[in-house]
Structure formats: structure tokens, C-alpha cells
Amino acid sequence: MTIPKRAERSIIDGTKTFRPILEEARARDINEADTVTIVKSMLADIFGWDPFFEVTSEYQIRGTYVDLAVQAEERIAFLVEVKAIGSDLKDNHLRQAINYATNQGVEWVVLTNG
């Protein structure tokens, strides 16, 4: 599958823009909530998702909350579970993310620490 040139350019430019932000955030050992803010900005600036109407924070799934739900055409396209930037991602984090997707009936889920 080929990535369109415009999308490829956006990813390359976005990576250059956000790399120093992520490096400083890691050096400051920012918390999960602030890491979510950076990830939400990345979804908007790099991938073009509208942060006000297409990216929902703290989306409720069966009494728990996934950090971000990204919506397209009035349905959830994918979920994003974020951990603090200084955290190591572990198997239990992956299980948590997969459970969110399974319980919501969403095919795609992202687990990230930035």
C-alpha cells in the first residue's frame, strides 16, 4: 500500500515538529494527562483530525474511560490509550487497550507513551 505524498510529507514534517516537544516532555517526566494533550495535538497537526469535533477525550466504555476516541463519519474510527511519556509500555497496558476496543466494537486501537 502506498502512502499519498501529501500524507507522507505531513508525517515527516510533523515528526520534525513534535520530536523536540516529546524530548522535552520526557526530560521533564510529564504526567499522563499532559502526554494526552501532546498526543491530541499530534493527531490534529500531523494527521488532520479535528481536535474539537473528531477527537474525544475520556471516552466512556462500560464504566471505564479510554483516553481518546477518534471519530469519522459519526462512528469511532479508533481508540488511543495513552500512558505517561516516561512510562514503559507493558503487557497489562496492551490488554487494557485491547479490552477497550473489544468492548466498544472498534477494530483499531493505539497504545502510546507519546
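Two strands count as paired if DSSP finds at least two bridges between them. On that basis, this predicted model holds an open sheet of four strands, ordered β1-β2-β3-β4, with mixed pairing. The edges belong to β1 (55-61) and β4 (109-112). Each has a single partner strand, so one side of each is left without a neighbour in the sheet. Neighbouring strands are turned by 35° against each other on average, direction ignored.

**The β1-β2 pair**

Strands β1 and β2 (residues 64-72) run antiparallel. Six bridges join them. Within this pair, Q60 stands opposite Y65 of β2.

**Helices on the sheet**

Helix α2 packs on the sheet. Helix α3 packs on the sheet as well. The table gives their contacts and their directions relative to β3.

| Helix | Residues | Strands touched | Angle with β3 |
|---|---|---|---|
| α2 | 32-45 | β1, β2, β3 (75-82), β4 | about 140° |
| α3 | 91-104 | β1, β2, β3, β4 | about 160° |

T112 lies in strand β4. Is T112 buried or exposed? Its relative accessible area is 16%. The cut-off for buried is under 20%, so T112 is buried. The side chain of T112 also reaches the backbone nitrogen of G114, at 2.9 Å. Leaving aside neighbours within four places in sequence, T112 is in contact with V39, V80, E81, V82, K83 and L89. Among these contacts, V39 falls in helix α2 (residues 32-45). V80, E81 and V82 fall in β3 (75-82).

Key
Residues numbered from 1 in each chain as written. Predicted model: local features only at pLDDT ≥ 70, side-chain atom pairs only at ≥ 80, totals over all residues. Heavy atoms only, no water. Helix = DSSP H or I, 4+ residues; strand = E, 2+ residues; numbered from the N terminus. Axes fitted to C-alpha atoms, helices over the stretch in contact; angles between N-to-C directions. Contact = heavy atoms within 4.5 Å. Buried < 20%, exposed > 50% of the residue type's maximum accessible area, 1.4 Å probe, protein only. Polar contact = N/O pair within 3.5 Å; in protein donor to acceptor, adjacent residues only side chain to side chain.
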